[in-house]
Amino acid sequence: MFRFQDPQYLYLLIVVVLLAALRFLTYRNQKKRIAKFGQPDLVMQLMPLFSRWRPAVKFWLLEGALALIIVMLARPQFGKGTTETHRSGIETIIAIDVSNSMRAVDPGEGDMSRMDKAKMIVSKLIDQLSDDKVGIVVFAGDAFIQLPITADFVSAKMFLQSIEPAMVRNQGTDIAAALRTANLCFTQQENVGKAIILITDGEDHEGEAIDAAQEVHEQGRNVYVLGIGSGRGAPVPDPDTGSYMIDNTGQTVMSALNEQMCNQLAQAGGGAYIHVDNATTAQRQLHEALDGLQHSDQTVYSEYDEQFQAVGILALLLLVAEVCLLDRRNPTLKKLKLFKRRK
């Protein structure tokens, strides 16, 4: 198996392309300047030692050396050893409700909003992952992929912190869209547990949520629902006014956890419903539920051989060739050719 240990350095290859474009423009300008002196063939006769191809060859030798040095920085490697590991990993897509109701602060939560609570429990869940893969979907009136499925948990936590209700313009709560979008994120790998963790207060303004949960479950996914909020309800803050949202009648908009909807979603999706009253307890219950999913065994490369030495040698050879090649014709070689002809 071939890989680059530090593939981010490969972006520097753009410099090689830019230098080639610059060389092309310079060559065109050079031809125009020579043409101002007279016909190119006559001008060339006035410069007997001038070589058309030597500067170009020297340039491409330097370009090749630069490209090889960049590849060397990326640390090319070949896998040489494999080991069978019995992974307990599953694929998990976390769908987080970012509708305005998630701004609400429920009684007894201090200053912690539902969104803050959701992010905290997801962060703890990611900390518990080892050989799993995780992806993040955010939804309100629309749903989109915030983080494609990955085993990079550092990136997952970074993307998690950037999630805010303002990131989805179309407000509302379309749980069906969230489930169907999350279902698109899984890999094609078989014999591995695949779970959708839906974090919401249970309000659904579009319908079809139960049907969507059944659809994804029929395709081998399990839907686990984390209910955020209180059944007593809480006012929804308005970020524009700094007060609370009001409806058409002038009443303060109250948002309450719809546990009945959450339970129905979990049952239709073949998973479980967990009320997030205490984040630590909910995270433990979720972890226990996910442990029951099917595990996968995979072969992974455990040892790699560095290949940058060979690339470095090739780059050095190109640089030596560039230094040895002169910009103009060698008059000594020309005299030797004339001497041979006379003989």
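Glu215 is partly exposed because its relative accessibility is 33%. The cut-offs on relative accessible area are under 20% for buried, over 50% for exposed and in between for partly exposed (1.4 Å probe, protein chains only). The model is predicted, so local features need pLDDT of at least 70 and side-chain atom pairs count only at pLDDT 80 or more, while totals for chains, interfaces and linings use all residues. Residues are numbered from 1 along each chain as its sequence is written, and side-chain values use heavy atoms, with hydrogens and water left out.

Glu215 forms a salt bridge with Arg180 through their side chains (3.0 Å, N to O). A salt bridge here is a side-chain nitrogen of Lys or Arg within 4 Å of a carboxyl oxygen of Asp or Glu. Glu215 sits in helix α7 and Arg180 in helix α6, 35 residues apart. Helices (H or I, at least four residues) and strands (E, at least two) are DSSP runs, numbered from the N terminus. Arg180 is partly exposed, at 31% relative accessibility.

Helix α6 covers residues 175-183 and helix α7 residues 209-218; their angle is about 15° and their axes are 8 Å apart. Axes are lines fitted to C-alpha atoms, for helices over the stretch in contact, and angles run from 0 to 180 degrees between N-to-C directions. α6 and α7 are therefore roughly parallel. Angles under 35 degrees count as roughly parallel, over 145 as roughly antiparallel, 65 to 115 as roughly perpendicular and the rest as oblique. The crossing of α6 past α7 is left-handed; that is, the near helix is turned anticlockwise from the far one by less than a right angle, whereas clockwise would be right-handed. From α6, the contact takes in Ile175, Ala176, Leu179, Arg180 and Asn183; from α7, Ala209, Ala212, Ala213, Glu215 and Val216. Contact means heavy atoms within 4.5 Å. By class, seven of the residues in the contact of α6 with α7 are nonpolar, one is polar and two are charged. Ala, Val, Leu, Ile, Met, Phe, Trp, Tyr, Cys and Pro count as nonpolar, Asp, Glu, Lys and Arg as charged, and the others, Gly among them, as polar.

## Helices α3 and α10

α3 packs against helix α10 (residues 308-324) at an angle of about 160°, with the axes 8 Å apart. The two are therefore roughly antiparallel. The crossing of α3 and α10 is left-handed.

On the α3 side, the contact residues are Lys58, Leu61, Leu62, Gly64, Ala65, Leu68, Ile69, Val71 and Met72. They meet Phe308, Val311, Gly312, Leu314, Ala315, Leu318, Leu319, Ala321 and Glu322 of α10. The class count for α3 with α10 is 14 nonpolar, two polar and two charged residues.

## Other salt bridges

The whole structure holds eight salt bridges. One of them pairs the side chains of Glu164 and Lys119 (3.4 Å, N to O). Glu164 lies in the loop between α5 (153-161) and α6, and Lys119 in helix α4 (residues 114-128); the two are 45 residues apart, in distant parts of the chain. Glu164 is partly exposed at 39% relative accessibility. Lys119 is buried, with a relative accessible area of 8%.

The side chains of Lys157 and Asp127 also meet in a salt bridge (2.9 Å, N to O). Lys157 is in helix α5 and Asp127 in helix α4, so the pair ties together parts 30 residues apart in sequence. Lys157 is partly exposed, with a relative accessible area of 26%. Asp127 is partly exposed too, at 48% relative accessibility. Salt bridges also link Asp106, Arg114 and Asp201 in a network.

## Individual residues

Arg75 has a phi near 60°, a positive value in a residue other than glycine. Most residues other than glycine have a negative phi. Arg75 is placed in the loop between α3 (53-73) and β2 (76-86). At 31% relative accessibility, Arg75 is partly exposed.

Asn100 is in the loop between β3 (91-97) and α4. At 17% relative accessibility, Asn100 is buried. Leaving out residues up to four places away in sequence, Asn100 touches Pro165, Gln171, Val236 and Met245.

Ala20 belongs to helix α1 (residues 13-35). With residues up to four places away in sequence not counted, Ala20 touches Phe59, Trp60 and Glu63. The C-alpha atoms of Ala20 and Phe59 are separated by 8.8 Å, and these residues are 39 residues apart along the chain.
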